[in-house]
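Please look at the sequence and the structure before reading on.

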Amino acid sequence: MTVDLDKAWNALEGGEIDVAATCLERCQRIDRKHPSVIALGAAIADANGDVEAAIAGYRAMIEVQPDDPMPRICAARIELRDLGEPEQALETVDAAFEFIDDEADLIEAIVVRAEALLAIDRADDARVALGELSSSVIDEPEQAFELAELALGAGDAELAQRYVETARKSPKLETDALHLLGRIHEASDDRAGMIAAWQQVRERDVAEPDPTVTMADDEIERIAQAALAELPADVREKLERVPILIDAAPSQELVADGLDPRILGLFSGAEMAEAEGLAPTITTIHLFKRNLERIANDLDELAEEVRITVLHETAHYFGLDDDDLEKIGLD
């Protein structure tokens, strides 16, 4: 069994999930209640996206080996990101700290804890949690990028910028890290730095190959018009003169004016409340096709992103903010 366990973990680390699963089956025939077999089963289920089996396995591990922090950390991650239970995740991960004696485990636990705290609007506590990593050496770009996002969410722009510089060392992450750097400068009221970073992002994004999920302009237009048709009749009547324009991405001029190059849509012109009784103004709703396509995993998801973006921009036309949008069911 030991040979199969070693082979399975190596296969799993290399992304060979089927090989690992075959080894697991042999191990389970020998002793399915062995802690190492339970741990392997949970990890394979996790890698396969089988949330139910993975969380069951990690919770079983917590019962079998209560002084092992990793099952608690993994369970907390699933509770937070897959089950949408940040308070439960916080309780689970907090119980792991008593047993952590490895820096890698500590970093992962703090990441989950900070993310859970942000999810329940405890940004100050998240900032304190991230401060516990001040003496840790974070040299993996992917991990640094995740920490930079969390630090920014916790309101620590200085810490976020330190992490994002490490993230930029990865060519794969360079453009995303530059975009995050622009957001960090935005939070720090450094408009010049924000624009400089985002101009580079736009240049890089435009040079990228077309996204794998793509949709014709006329189909996007059809979905957008269908979204508008969901609105009450009196609202639709007021939107008759507002065209929907589809562009590949925000123009250089818009980005130079401070617009996020990865924004999905843009209302341009006077809001309805401002325009009432005034001379006609040029008012448009822009959809940025490549940005929408880039975040979608399939055509159904892309269609929903188009719909949501149109409804958001329509709400702006009526002077509503995101909280108002949620109240009337257009979120």
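Which residues in α1 meet which residues in α2? On the α1 side they are Asp4, Leu5, Lys7, Ala8, Ala11 and Leu12, and on the α2 side Ile17, Val19, Ala20, Cys23, Arg26 and Cys27. Sorted by class, this contact has nine nonpolar, no polar and three charged residues. The model is a predicted one.

**The protein as a whole**

The secondary structure consists of 19 helices and three strands. Along the principal axes, the C-alpha atoms fill a box of roughly 80 × 40 × 40 Å. The protein has 331 residues, and 43% of them are buried. Of the contacts with a separation of 6 or more, 58% are between residues 24 or more positions apart.

**Two helix pairs**

Two packed helices are described by the angle between their axes and the distance between the axes. The table gives these values for two pairs.

| Helix pair | Axes come within | Crossing angle |
|---|---|---|
| α1 (residues 2-13) and α2 (residues 17-31) | 8 Å | roughly 160 degrees |
| α9 (residues 141-153) and α10 (residues 157-167) | 7 Å | roughly 160 degrees |

The axes of α1 and α2 cross at roughly 160 degrees. Angles over 145 degrees count as roughly antiparallel, and so α1 is roughly antiparallel to α2. The crossing of α1 and α2 is left-handed.

The helices α9 and α10 are likewise roughly antiparallel to each other, and their crossing is left-handed. From α9, the residues Pro141, Ala144, Phe145, Leu147, Ala148, Ala151 and Leu152 take part in the contact, and they meet Leu159, Ala160, Tyr163, Val164, Thr166 and Ala167 of α10. By class, the contact of α9 with α10 has 12 nonpolar, one polar and no charged residues.

Which residues of α10 are buried? They are Ala157, Leu159, Ala160, Tyr163, Val164, Thr166 and Ala167. The cover over these buried residues includes α8 (123-131), α9 and α11 (174-187).

Is Glu174 buried or exposed? Its relative accessible area is 12%, and a residue counts as buried under 20%, so Glu174 is buried. Leaving out residues up to four places away in sequence, Glu174 touches Arg168 and Arg204.

**The sheet**

The three strands form an open sheet in the order β1-β3-β2, and the pairing is mixed. Strands β1 (244-247) and β2 (265-268) are at the edges, where each has a single partner strand, so one side of each has no neighbour in the sheet. From one strand to the next, the twist averages 25 degrees.

Strands of a sheet pair through backbone hydrogen bonds, either parallel or antiparallel. In which sense does β1 pair with β3, parallel or antiparallel? The pairing of β1 with β3 (residues 284-288) is parallel and has four bridges. In this pairing, Leu245 is opposite His286, and Asp247 is opposite Phe288. Strands β2 and β3 pair in the antiparallel sense, over four bridges. Here Gly265 is opposite Leu287.

How many of the residues of β3 are buried? Five of its five residues are, and the strand is mostly covered. In a regular strand the side chains alternate between the two faces of the sheet. In β3, Thr284, His286 and Phe288 point one way, while Ile285 and Leu287 point the other way. Helix α13 (residues 217-229) lies across β1 and β3 and runs at about 145 degrees to β1.

**A buried residue in a loop**

Pro250 is in the loop between β1 and α15 (252-256). Why does Pro250 count as buried? Its relative accessibility is 0%, and the cut-off for buried is under 20%. Not counting residues up to four places away in sequence, Pro250 touches Arg202, Val255, Leu259, Asp260, Pro261, Ile263, Phe288 and Asn291. One of these, Phe288, is the β3 residue that stands opposite Asp247. Pro250 and Lys289 are 39 residues apart in sequence, and the distance between their C-alpha atoms is 9.7 Å.

Terms used
Residues numbered from 1 in each chain as written. Predicted model: local features only at pLDDT ≥ 70, side-chain atom pairs only at ≥ 80, totals over all residues. Heavy atoms only, no water. Pairing = 2+ DSSP bridges. Helix = DSSP H or I, 4+ residues; strand = E, 2+ residues; numbered from the N terminus. Axes fitted to C-alpha atoms, helices over the stretch in contact; angles between N-to-C directions. Contact = heavy atoms within 4.5 Å. Parallel < 35°, antiparallel > 145°, perpendicular 65-115°, else oblique. Left-handed = near helix turned anticlockwise from the far one by under 90°. Nonpolar A, V, L, I, M, F, W, Y, C, P; charged D, E, K, R; others polar. Buried < 20%, exposed > 50% of the residue type's maximum accessible area, 1.4 Å probe, protein only.
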